[in-house]
Amino acid sequence: TVSELLSQNIAPNTEVEIKGWVRTFRANRFIALNDGSTLSNIQCVVDFENFDEALLKRITTGAAVHIKGDLVESQGKGQTVEIQATFVDVLGDSDPETYPIQPKKHSFEFLRENAHLRTRTNTFSAVMRLRSALSFAIHKYFNENGFYYMHAPIITGSDAEGAGEMFKVTSLDSKNPPLNDAGEVDYTKDFFGKETNLTVSGQLEAETYAMSLGKVYTFGPTFRAENSNTSRHLAEFWMIEPEVAFMDLPGNMDLAEDFMKSVIQYVLENNKEDLEFLDKRLQDEDKKKPQAERSPMTLIEKLKFVTDNNFKRVSYTEAIDILRNSKPNKKKKFKYIIDEWGADLQSEHERYLVEKHFNCPVILFDYPANIKAFYMRLNDDGKTVRAMDILFPGIGEIVGGAQREERLDVLKQKMAAIDIPEEDLWWYLDLRKFGTAVHSGFGLGFERLVMFATGMTNIRDVIPFPRTPQNAEF
Ligand code: 4AD
Ligand code: MG
């Protein structure tokens with residue numbers, strides 16, 4: 001690979017061979033070749049006197065080529081070695097008139113429409129290599145800390161969040177669906193006679209495994225049928241959900257903080273080239289902005305800030321007090337004013353807390369019970385639950401988790417209060433009947449982590465083929 005050729009000490013004049021895609025072909029002589037293994041291109045020098053003119057014409061941006069030659073010290077600036085080509089074959093032509101990825105700056109909107117080709121650009125190849133590295137770091141962390149990887153089902157019969165934001169799964173003939181007495185489509189017969197949907201979270205199933213294997217995590221696709229078109233929401237996203245038996249909420253916070261720091265540390269150590277590239281890109285963007293709007297930290301500084309500083313732990317009640325007494329902007333008001341204990345925080349409040357007030361990652365905990373999911377452990381005050389959300393600067397909510405309600409009677413009451421039939425979750429209730437115990441876990445939105453680590457500001461730019469209400473092209 002190009003990465004090997006550039007990074008390994010290969011003796012001068014060794015014969016090497018490489019396949020990749022042409023980024024540019026300059027002066028009928030210099031091919032900048034990229035094969036995805038690294039951000040850098042390798043320069044291949046083609047002495048045009050020695051090659052067929054018809055072949056040279058086919059070396060265009062985007063073409064796939066096979067090159068053999070000698071690896072020699074480079075005379076040019078910006079690279080140590082280059083290939084003096086003795087053999088060139090064009091494996092796949094690329095018509096320069098119609099190839100969308102020209103060697104110039106393209107807008108992210110344009111590249112989103114060409115998601116199948118956008119990883120041929122430096123920015124997107126760097127982002128997706130980082131995405132891959134982060135997934136590896138996540139598996140590595142859990143593996144080294146005694147967790148088992150559990151595969152939660154994608155098609156499920158339960159609504160883990162009790163929020164009704166599910167995509168139906170159907171095996172039915174859409175032209176001829178079964179109807180109920182009222183003449184409406186009978187979704188209860190969806191999946192060969194049962195009602196099913198795409199999972200919104202693997203948590204409930206992960207809880208069953210935590211209550212037998214001790215420490216588990218899921219890492220898989222999850223789906224939300226919410227019609228929100230923001231830069232932080234997808235209809236299909238990936239979630240990491242650890243779940244641990246005999247662990248309470250403070251333990252959950254410790255785990256989440258250690259985990260987040262560890263995976264960020266991993267890319268700081270292993271993905272320097274891509275991070276430095278993205279960092280420079282952001283700094284260049286920043287320079288175009290007025291001084292007041294510029295970022296006080298570079299991307300790499302932001303990542304180091306997370307690994308080197310404690311997350312601030314703040315209760316919901318404390319947060320509300322802070323927000324009530326805050327003057328967030330010139331108008332001295334939030335768009336949505338928090339005047340009562342019990343109100344749900346909007347993203348403007350979360351952003352204010354992390355970016356203006358505390359200026360560091362924040363763990364908010366002990367939320368009012370009625371704005372959080374039914375499975376969270378009720379506190380002795382009877383009105384708050386052992387929930388925790390982690391807020392990151394520039395991102396807002398990145399993790400949501402909780403200590404789970406382990407008491408059968410309380411859980412039944414909470415389900416009844418929001419009309420979840422006990423029959424639907426009989427197996428979940430079983431965990432509270434047979435050897436129940438304190439347990440906790442959380443969900444990390446993978447794309448939000450990738451956004452944070454790459455500095456990308458739109459979630460559609462950190463997942464290969466984004467699914468949102470507006471994007472279903474691919
Ligand atoms: O806060 P959420 O909804 O929590 C759960 O699903 C719990 N069952 C997790 C658990 O305790 N095991 O989602 C968790 C995280 C959020 O903090 C956010 O980072 C991400 O998932 N997330 C989304 N990411 C992209 N698009 C969406 N529509 C998202 N919804 C949630
Ligand atoms: Mg949440």
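Valine 385 counts as buried, because 28 C-beta neighbours lie inside 10 Å of this residue, and 20 or more are enough for that label. The model in which this is seen is a predicted one. Valine 385 has its place in strand β14, which covers residues 384–392. Setting aside residues up to four places away in sequence, valine 385 touches Tyr367, Ala369, Lys372, Met376, Arg377, Leu378, Asn379 and Ala402.

**The protein as a whole**

The protein has 474 residues, of which buried residues make up 36%, and its secondary structure comes to 13 helices and 16 strands. Its C-alpha atoms fill a box of roughly 85 × 60 × 45 Å when this is taken along the principal axes. Among the contacts between residues at least 6 apart in sequence, 68% join residues that are at least 24 apart. The chain is divided into domain 1, made of residues 2–99, and domain 2, made of residues 122–165 together with 200–461; the C-alpha centres of domain 1 and domain 2 lie 44 Å apart.

**Two open sheets**

Strand β14, which holds valine 385, belongs to an open sheet of eight strands, arranged in the order β6-β10-β11-β16-β15-β14-β13-β12 and with mixed pairing. At the edges of this sheet stand β6 (148–149) and β12 (312–315), each of which pairs on one side only. Strand β6 is joined by two bridges to β10 (residues 215–223), and these two strands run parallel; within β10, tyrosine 217 is the bridge partner of tyrosine 149.

Another open sheet consists of three strands in the order β7-β9-β8, and here the pairing is antiparallel. Because β7 (155–156) and β8 (168–169) stand at the edges with a single partner strand each, one side of each is left without a neighbour in the sheet. Two bridges join β7 to β9 (residues 196–198), and in β9 the bridge partner of threonine 156 is asparagine 197.

The table sets out the two bridge pairs just described.

| Strands | Direction and number of bridges | A bridge pair |
|---|---|---|
| β6 and β10 | parallel, two bridges | tyrosine 149 and tyrosine 217 |
| β7 and β9 | antiparallel, two bridges | threonine 156 and asparagine 197 |

**Nonpolar cores**

The largest nonpolar core has 89 residues, and the members that touch the most others are Leu134, Met388, Ile390, Ile398 and Ala453. Helix α6 (residues 249–270) gives the most to this core, with nine residues. Leaving aside neighbours within four places in sequence, alanine 453 is in contact with Leu130, Leu134, Ile264, Val267 and Leu303.

Key
Residues are numbered from 1 along each chain as its sequence is written. Chains are lettered from A and ligands numbered from 1 in the order in which they are written. This is a predicted model: local features need pLDDT of at least 70, side-chain atom pairs count only at pLDDT 80 or more; totals for chains, interfaces and linings use all residues. Two strands pair if DSSP finds at least two bridges between them. Helices (H or I, at least four residues) and strands (E, at least two) are DSSP runs, numbered from the N terminus. A nonpolar core is a set of buried Ala, Val, Leu, Ile, Met, Phe, Trp, Tyr and Cys residues joined through C-beta atoms within 7 Å. A residue is buried if 20 or more other C-beta atoms lie within 10 Å of its own, exposed if 12 or fewer, and partly exposed in between; C-beta atoms are placed from the backbone. Two residues are in contact if their C-beta atoms, placed from the backbone, lie within 7 Å. Domain bounds come from an automatic or database domain assignment.
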